[in-house]
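Work through these exercises with the model open beside you. Try each task before you read its solution.

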Amino acid sequence: MSHLKQITSFKPSYAPSIITKWRSSRTGLQLLLVEQERATVEGYFAVATEIEDDSGCPHTLEHLIFMGSKKHPYKGLLDTLGNRAFSNTNAWTATDSTVYTLTTAGWEGFRLLLPVYLDHLINPTLTDSACYTEVYHIDGDANEKGVVFSEMQAVENEAEEIAGLRARKILYPASSGYSSETGGLMGALRVLTNDRIRQFYHALYRPDNLCIIVVGTVEKNELIETIAKFDDELPTLDEANPSHRPFVDTESVPVLVNRVIESVEFPDKDESSGHVLISLLGPSILDEVTNTALHCLFMYLTDSDVSLFRKAFVEIENPLCTEILSYTDDFKNVGYNLWFQNVPTEKLENLPGQIFKVLLDHVERSEFDLRQMQDVIERERLQFTLSAERYPSTFANVGIQDFLYGSIDGKDLHTAKQLTEYEAIREYGIQDWESLIRKWVLNPAHVLILARPSAKLASDIRKDAKLQLTKRRQELGKEGLQKLASRLKIAQDENETKIPDELLFSFPAPDPAKVKFIQSVTAKAGLALNEGTVKNEIQDIISKDNGEKFPLYLQVEHVKSNFASISIIVSTLPVPQDLLPYLSLFLQNFFSTPIVLDDGIEISYEEVVKQLKRDTISDQYSSGFEGEFEELLTFELQFVPGNYKQAIDWFQKLIWHVKFDVKRLQVAVDKALLAIPSLKRDGSVVTGSALRRLLFTPRSAKRALDDLENEQVWRQLGTDLKNRPEFVIDRLVSVRDHLFAAGNLRILVTADVHQISNPVSSWHAIVKSATGASSSSSSALLAALTPVPRSSVNVNKGLSGTAYLLTVPSTESSFATLVAHGFTDFKHADIPALAVATAYLEAVEGPFWRGIRGNGYAYGANLSRSIESGMNQFRVYRGADVSKAISKAKQIVNDYGDGKIEFEPLLIDSAISTIVGALAEADNSYYAAASRKYLQESIKLLGANSTGKFLASIRTVTGSQLQAVANKYLKPLFDHQTATVFLACNPVKINELKQEFVQLGFNVVIDPFGVIEDDGNESGSGSEEEEEEEDDDDDDGSEESYDEYSDDD
Ligand SMILES: [Zn+2]
């Protein structure tokens, strides 16, 4: 008999879902089901984890869970089965919980994996050899290794980590789990024992401390049966001796009495800018109204160019920082944090005082803007509603928080039925807001962390690492090292027990045909009809609104959604090359500029930003479309369908009524320059930027938009804006005219067409502005649409054989990208085989995974192909030993290419299934599915049902075809005659890497951008600073509540 008792069930008023929760009366196990229409089923298995130290037990355990269960003692079984069942497993560890995830295309695969996964959680093997390889060990060369150790090594010296941990250690007493680094500090990981991990496991991984959350379309009865069966095998909860509920049953922490200001240092050679963090403690997490009010208050202070703090510190000449992020720690009492990014070092000291003064003045001078706050509240409510519709994680997070801190009778969860908290705070008057600010922000004690860059620290860390290595080598001696090498080998062999084929075959592979992909309905107007006509009910609506005579290009993707979006996609090709350097500035200015209307009335940028936010849910521009075709630009507005006409009006005003204002432009330039040092601190940014700047010609927009490429451009623009502003403005006008010429516009509308009126004729004003025609019925039809530009034509020739080495003093890890020429035809016959070969080699627990990650050479390694640019890539992410990672990958590819190792049929099936799963996941909401359909069918011109055709084609791929593509396309990635290497590493490693690449036959170029300064200390490696690169983080003050150490690659 099932002990699962339903404790609550309801339909949220704002999202098409049903939420039901059960709890086992016998074991305390919890199950939460969120029924939503999706192609994937997602599982989140949450464990509350409270620990008083920085040992990293929660995080190491997260890794060890995947190393095998008592019933299934095979490392990687979950991943291997997952590969067969269109599934993906992952996990993250936060300060207060570890959450394991399972994403599957369709219910069938989910049902198959669920019991096996849960068995891993409740019966893991936790062997010593798994702990040895995964957590920490010293290898035969005396290097410190271990998957978790390397992972933490890569982040421990980042400014955000250092400042965030320090703030928590001040805000919470040492005995509080909230002050712990649950990821594990390097020093603590070195001495962590498996016994300690096991002890932690037994204390926390109990049925009553586990909540299973499932989101998607499931067979409900089968789900309940599966969980009930799992529950039956669990030990009975001892009611007489109730377990301690992590955090909830722990005594509350004393409130900080005095304000604390502290400086921390982070390593960086460039000492020009640091950061400021403000942390304070808010109300109980169960006080939803006050927390929503505080959340909206912090948005009011930071979320747009006209917010109080941004106006005071960012949107000024000589800004005091480049970005202000607000985020929360969703603990028992919610922690509120403000992060001021890239503060000029000499201004660090004074900034905190200014921040509080600005806020105090705002209150004391009664300047609180109630109207603006009302807009913020409405926008936040809509954004939550949108994410509840679009992302499975939204309700999963609601469920996790409720599991961690809510009452176990489901009462607190039930408040998710309605968004009444937004209604409540809409009633707040100015006085209510002012007293909220005083009570929770101005009056309480808080923590201020000034994060300062230190060149000395960077050099000390480097020297110390060298010293320790030498010391270890000496102390261990040859014999000691040999012992360690063989100990590691034994542990690895123990971990690698082969999974018996019978076991794998005992799980029937699910039927791919049962995976239901989401479909949007396409309709076309104007020039879009030239790409082929369609017949359906939506097309009838479009045609009735004069769609055929529409003089521009318009495509509609009809979806089931309460939200709509418009994207205007333009080619950069019509922009003359000498104007490309103005592109970045043009984009930065786009959504935050003054405008002048036809009647000559000027609207300030503040008003533009405010009104735009009122009418829309989000505004953004991006390079490319859906992350591809980076010679395109996309401008997008999202809004509720009722605001369709307003959204179109906004585009018309922002494009054709822009007033380029010298002051606004100067601010954009100052901000961009201030942000550059922090970009140069990120190894993956540095590598990506070097690739764009070196591999592409100056004709490429991809290169022209690279932030580090633009460092000199910005400086010049700053000078020009002072000396000859008209010159700059003329060029920006010219950029606008080229980008938004009638024949260069592709308009994509994604919406429930039944919810918008006049889908075509609403574009009247834009037609007029773009074509100069007096009315949209004018048959001034366009001659032709600009073709979609390809970056493949902008690839520099003759780079093959070169290895570009760049240095990043602030990182311990290395990052590398190897590229070689591929093909540019989206219908190329080798695509299916190359897709399968790639999925095969980089599968979780596949050849790269085991050979590279498993040996501790790097956290991740993957292959990708860009048909758009005609380049294939191999990428090493967070490398501990990047040259070993590369040579291992080379050996693997050669072995498969030469036929020394054969592609196994079972694993080919798994690779195919991985592709199915990835596609379902990518298309997981109507919005995402519609965008990808547009990319496939209208940008790549693959025609209708391209996904279906692709899925059919990969099923016929054979082993010999895989071998052929490995030889043809993958071997060249590792061959010095065909490959180009972009690599970023700590300066200490540069000479060694140089020699290694020279030996491989590469022509090595160190510091290709010639920024060399003498390092001044040690070994005279002539190391240097590098450039880097593109931030697409249009940070919206995301409220990610924890440090994640996720295992994705
Ligand atoms: Zn991890």
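**Exercise 1. Find what Met871 touches, and say whether Met871 is buried or exposed.**

Step 1. Leave out residues up to four places away in sequence; Met871 then touches Leu695, Val795, Val819, Ala820, His821, Gly822, Arg865 and Ser866. Contact means heavy atoms within 4.5 Å.

Step 2. Met871 is found in strand E26. Strands (E, at least two residues) and helices (H or I, at least four) are DSSP runs, numbered from the N terminus.

Step 3. Check burial. Met871 has a relative accessible area of 5%, so it counts as buried. The cut-offs are under 20% for buried, over 50% for exposed, and partly exposed in between (1.4 Å probe, protein chains only).

Step 4. The C-alpha atoms of Met871 and Ala765 are 41 Å apart, and 106 residues separate the two along the chain.

**Before going on: the ground rules.**

This is a predicted model, in which local features need pLDDT of at least 70, side-chain atom pairs count only at pLDDT 80 or more, and totals for chains, interfaces and linings use all residues. Residues are numbered from 1 along each chain as its sequence is written, and side-chain values use heavy atoms, with hydrogens and water left out.

**Exercise 2. Judge the confidence: which stretches have pLDDT below 50 or under 50?**

Step 1. Start with the whole chain. Its mean pLDDT (the predictor's confidence in each residue, from 0 to 100) is 91, and 95% of the residues reach 70 or more.

Step 2. Look at residues 775-779. Here the pLDDT is below 50, and the stretch has 6 contacts in the model beyond near neighbours in sequence.

Step 3. Look at residues 1012-1049. The pLDDT stays under 50 here too. The model has 131 contacts for this stretch beyond four places in sequence.

**Exercise 3. Describe the largest nonpolar core: how many residues does it have?**

Step 1. Define it. A nonpolar core is a set of buried Ala, Val, Leu, Ile, Met, Phe, Trp, Tyr and Cys residues joined through side-chain atoms within 4.5 Å.

Step 2. Count. The largest core has 91 residues. Val276, Ile278, Leu297, Phe309, Phe340, Met373 and Trp433 have the most contacts inside it.

Step 3. Find the main contributor. Helix H10 (residues 288-302) gives the most to this core, with 8 residues.

Step 4. Zoom in on Phe309. Beyond four places in sequence, its contacts are Leu301, Thr302, Val314, Ile324, Leu338, Phe340, Ile355, Val358 and Leu359.

Step 5. Move to the second core. It is separate, has 76 residues, and includes Leu632, Leu834, Val893 and Ala920.

Background: in soluble globular proteins, nonpolar side chains tend to be buried together.

**Exercise 4. Look inside the largest cavity: what lines it?**

Step 1. Count cavities. The structure holds 8 of 30 Å³ or more.

Step 2. Size the largest cavity. About 90 Å³ of space lies in it.

Step 3. List its lining: Asp303, Ser304, Val306, Gln372, Asp375, Val376, Arg379, Lys610, Lys613 and Arg614.

Step 4. Sort the lining. It divides into 2 nonpolar, 2 polar and 6 charged residues.

**Exercise 5. Check Arg878: where is it?**

Step 1. Locate it. Arg878 is in strand E26.

Step 2. Read phi. Arg878 is not a glycine, yet its phi is positive, about 50°.

Step 3. Check burial. Arg878 is buried, because its relative accessible area is 19%.

Technical notes. On a 1 Å grid over the protein atoms alone, a cavity is a set of points where a 1.4 Å probe fits but cannot get out, and a pocket is an open set with protein on both sides within 12 Å along at least five of seven lines; lining residues have an atom within 4 Å of a point. Grid points are joined across faces, edges and corners, and a volume is the space filled by probe spheres set on the points. Ala, Val, Leu, Ile, Met, Phe, Trp, Tyr, Cys and Pro count as nonpolar, Asp, Glu, Lys and Arg as charged, and the others, Gly among them, as polar.
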